[in-house]
Amino acid sequence: MSELDPRSDDLAVPDDWTYAPAPESREVVRLRERYGHFVGGSWLEPAETYETIAPRDEEALALVGQGTAADVDRAVQAARGAYADGWSALPGSERAKYLFRIARLLQERSREFAVLESLNGGKPIKESRDVDLPLAAAHFFYYGGWADKLEYAFPNRRPRPVGVAGQIIPWNFPLLMLAWKVAPALACGNTVVLKPAETTPLTALLFCDVLRQAELPPGVVNIVTGDGRTGATLVEHEGVDKIAFTGSTEVGKAIQRRLAGSGKKLTLELGGKAANVVFDDCALDQAVEGIVNGIYFNQGHVCCAGSRLFVQESIHEPLVEKLKRRLSTLRVGDPLDKNTDVGAINSRAQLEKIEELVASGREEGAEIYQPPCVLPERGYWFAPTVFTNVAQSYRIAQEEIFGPVLSILTFRTPDEAVEKANNTPYGLSAGVWTEKGSRILWMAQRLRAGVVWANTYNRFDPASPFGGYKESGFGREGGLHGLEPYLEFDE
Ligand code: NDP
């Protein structure tokens, strides 16, 4: 506007500031009608199949193999063969080349993988694009770097591979959990049979294409799809030397019982009910962002989600007010829309579980808040939810909901915060919000959790070990610690 232009008070201001749809194209993904199991570098025709769907609208995406005992057996034989046939004896620097190649291919094809991940799993595309894919590639880069340095990582202990690793992963971070498991296993010279979750097999099946592009020797990685029965068969197979499992505490316990006395190595990454502890000296607006990221990221389908919020009593009111205001700006909807913050719930079964636990929260006397939002008619959806007036004994404060549901409790002193935060059978993660470094260290020493985030939440890095205490499991993934479960040593 030049200085001579007359002032105008009637500038056209839009009434409606809602975002226009910004859908990511799904054209980059080429789905097959039917997938088999990936065994010995080839596709094995499945004896049985089931339909995998898109949780956003229940669209049938493809038919996928339901792995039988015979399929698992062939996959384990292929992995044993590849192990004996050179992979385990390959110099670390040669194994590293394959890992780096896989990492680069994941980067090159990241858009395709991100779209497929959001389509099959329901998570917002901005998360699969900006979190899952970069981290998956980073894991392969990171462990590629260790492959020829194992002697230095564990000096005087003569590290050797374990053999065939059976790996069972959940549906909340399908490709990322695959990367967490496959990358360290291969770096250490093991071969793998992996079973993806029943509801999210497609990115693992696309990953087989990457393995072929990377010219990984046949049989080094084998993928058998199917439900829990396929997983149980893999656990029990005598040709498997190590089981790595991520999933529910219930199934983890069953696996541990099954393997007792078998001599197989085992790592379990199980559930959580993390405490996110907010002190009255924190930067409140940043804390609100951290709380939102802690529980609504990936619809709360996160084992380390900050699902129990402990707020110092003096700031309870302003914090809840700010949180509710922030919740009203979250956009719930199509996972493939680039503006979506909260996507679809992964499956009907998971939606029913969330609904049941939320109903129990109301019945037990907690106060519920959900921002006004229109949920799509088809598919599986749940509005972001906050419970206040929560007592520690309520189921919503004790059980893993694995959905976009936050339970708010209060405390007065740091000692009380620690006692309440540790009052759970789980021990996977925690968060602390305060401006005082000394208090962060004081809390971190006392919180019984494998990971403690300070003034941030849900931050992951391949160099940082991740894992739990108590009913959250044992063993670490990530970092130097993540190599150990895949190695034998001279003790
Ligand atoms: P599960 O523990 O059943 O699933 C995890 C993986 O284990 C899947 O691949 C699953 O196959 C497989 N599996 C199931 N049963 C067996 C078995 N007997 N032996 C070997 N493998 C098996 O979790 P759900 O998907 O049923 O989720 C239930 C609850 O678990 C959630 O509501 C959540 O609270 C918690 N959970 C926690 C996770 C975490 O990261 N900590 C991840 C996922 C769930 P399939 O998918 O075919 O059932």
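Which side chain does a polar contact of 2.6 Å join to the side chain of arginine 109? Hello everyone, let's find out together. The partner is glutamine 213. A polar contact here is a pair of N or O atoms within 3.5 Å; within protein, one must be able to donate a hydrogen and the other to accept it, and residues adjacent in sequence count only if both atoms are side-chain atoms.

A quick word on the model. It is predicted, so local features need pLDDT of at least 70 and side-chain atom pairs count only at pLDDT 80 or more, while totals for chains, interfaces and linings use all residues. Residues are numbered from 1 along each chain as its sequence is written, and side-chain values use heavy atoms, with hydrogens and water left out.

Back to arginine 109. You will find it in the loop between α2 (92-108) and α3 (110-121); helices are DSSP runs of H or I with at least four residues, numbered from the N terminus. Its relative accessibility is 13%, so arginine 109 counts as buried (under 20% relative accessible area is buried, over 50% exposed, in between partly exposed, with a 1.4 Å probe and protein chains only). The side chain of arginine 109 also has a polar contact of 3.1 Å with that of aspartate 209. Not counting residues up to four places away in sequence, arginine 109 touches Leu206, Asp209, Val210 and Gln213, where contact means heavy atoms within 4.5 Å.

Next stop, threonine 249, in helix α9 (residues 249-259). Threonine 249 is buried because its relative accessible area is 9%. Its side chain reaches the backbone nitrogen of glycine 271 at 3.3 Å. Leaving aside neighbours within four places in sequence, threonine 249 is in contact with Leu270, Gly271, Tyr426 and Glu471.

Now for the rings. How many aromatic pairs does the structure hold? There are 16, counting rings of Phe, Tyr and Trp (its six-membered ring) with centres within 6.5 Å; planes under 30 degrees apart are stacked, over 60 edge-to-face, and the rest tilted. Take tyrosine 35 and tryptophan 43: their ring centres are 6.5 Å apart and their planes at 65°, so this pair is edge-to-face. Tyrosine 35 is buried at 8% relative accessibility, whereas tryptophan 43, at 24%, is partly exposed. Elsewhere, ring pairs link Trp180, Trp453, Tyr457, Phe460 and Phe466 into a cluster.

Conventions. Helix = DSSP H or I, 4+ residues; strand = E, 2+ residues; numbered from the N terminus.
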